[in-house]
Amino acid sequence: MEDRLFRNAMGKFATGVTVITTTLDDETYGMTANAFMSVSLNPPLVVVSIGEKASMLSRIEQSNTFAVSILEENQKALSQHFAGQRQEGQEIPFGELEGYPVIDGSVAQVVCDVVSTHVEGDHSLFIGKVKAIHIEDYNPLLFFNGGYKKLAVDELV
Ligand code: FAD
Ligand code: NAD
């Protein structure tokens with residue numbers, strides 16, 4: 001199957017945008033990801049999927065922790081920055097939640113300890129047990145059809 005066909009189809013699934021962060025040897029690292037999902041309520045588990053070429057992969061393998069910051073609609077430049085498109089003069093608003101690194105100003109922050117890792121194809125799935133959560137009442141940044149979008153708040157009745 002052609003890669004572009006697969007990506008175009010997956011791009012029809014509208015998602016939020018997150019920055020995954022972790023700390024290793026006192027250094028904080030971030031990476032943009034939309035492959036994030038809730039897994040279980042009891043216990044509270046989430047999953048992130050990290051490509052084999054991403055440097056974040058070995059960092060999470062070593063730190064055994066990660067945090068997920070769900071970006072706010074005005075944080076597109078941060079998403080681009082942490083996807084490797086460096087933004088000139090971009091300030092990185094790192095914050096901290098219960099000792100885990102997070103992105104300040106995000107819609108929600110979920111910090112985790114890795115409980116298991118599953119290598120599937122060219123990605124690794126990290127299952128994280130949620131240790132703490134912070135939520136703000138902001139609108140999320142969206143990713144759809146390979147581009148960034150804003151929420152249009154038209155409720156379907
Ligand atoms: P790098 O390329 O080293 O880091 C990424 C960028 O973050 C670099 O520009 C780096 O300078 C910067 N950075 C890192 N830490 C810091 C710091 N402490 N201070 C300042 N800058 C810092 N890939 C996946 O594997 N899974 C996904 O779910 C996924 N979803 C994506 C969703 C979207 C919308 C986009 C645009 C990309 C997505 N990607 C995903 C691709 C992924 O974001 C890129 O491949 C990314 O560049 C891989 O990062 P890396 O870990 O190799 O680290
Ligand atoms: P795109 O059209 O490549 O992405 C559309 C959708 O395809 C994504 O939302 C994702 O579900 C899927 N996808 C894309 N690349 C993938 C990959 N390597 N592995 C698994 N699923 C993938 O959008 P774009 O604007 O061209 O993306 C920007 C860059 O970010 C590209 O290099 C893309 O590969 C990467 N990206 C990677 C992932 C991922 O690894 N899970 C997810 C999104 C984007």
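Analyst: Two strands are said to pair if DSSP finds at least two bridges between them, and the strands themselves (E, at least two residues), like the helices (H or I, at least four residues), are DSSP runs numbered from the N terminus. This is a predicted model, in which local features need pLDDT of at least 70 and side-chain atom pairs count only at pLDDT 80 or more, while totals for chains, interfaces and linings use all residues. Residues are numbered from 1 along each chain as its sequence is written, chains are lettered from A and ligands numbered from 1 in the order in which they are written, and side-chain values use heavy atoms, with hydrogens and water left out.

Let us begin with strand 9. Strand 9 (residues 108–120) pairs with strand 6 (residues 65–70) in the antiparallel sense over six bridges, and there isoleucine 70 stands opposite alanine 108. Strand 9 also pairs with strand 10 (residues 123–135), again antiparallel, over twelve bridges, with aspartate 113 standing opposite lysine 129. Strands 9 and 10 form a hairpin with two residues between them, and in the turn glycine 121 has a positive phi of about 60°.

Threonine 22 counts as buried because its relative accessibility is 0%, where buried means under 20% relative accessible area, exposed over 50% and partly exposed in between (1.4 Å probe, protein chains only). The side chain of threonine 22 makes a polar contact of 2.6 Å with the side chain of serine 63, and a polar atom of that threonine 22 side chain lies 2.8 Å from the backbone oxygen of threonine 65. A polar contact is a pair of N or O atoms within 3.5 Å; within protein, one must be able to donate a hydrogen and the other to accept it, and residues adjacent in sequence count only if both atoms are side-chain atoms.

Finally, we turn to ligand 1. A backbone N or O atom of threonine 32 lies 2.8 Å from an oxygen atom of ligand 1, and one of glycine 51 lies 2.7 Å from an oxygen atom of the ligand.
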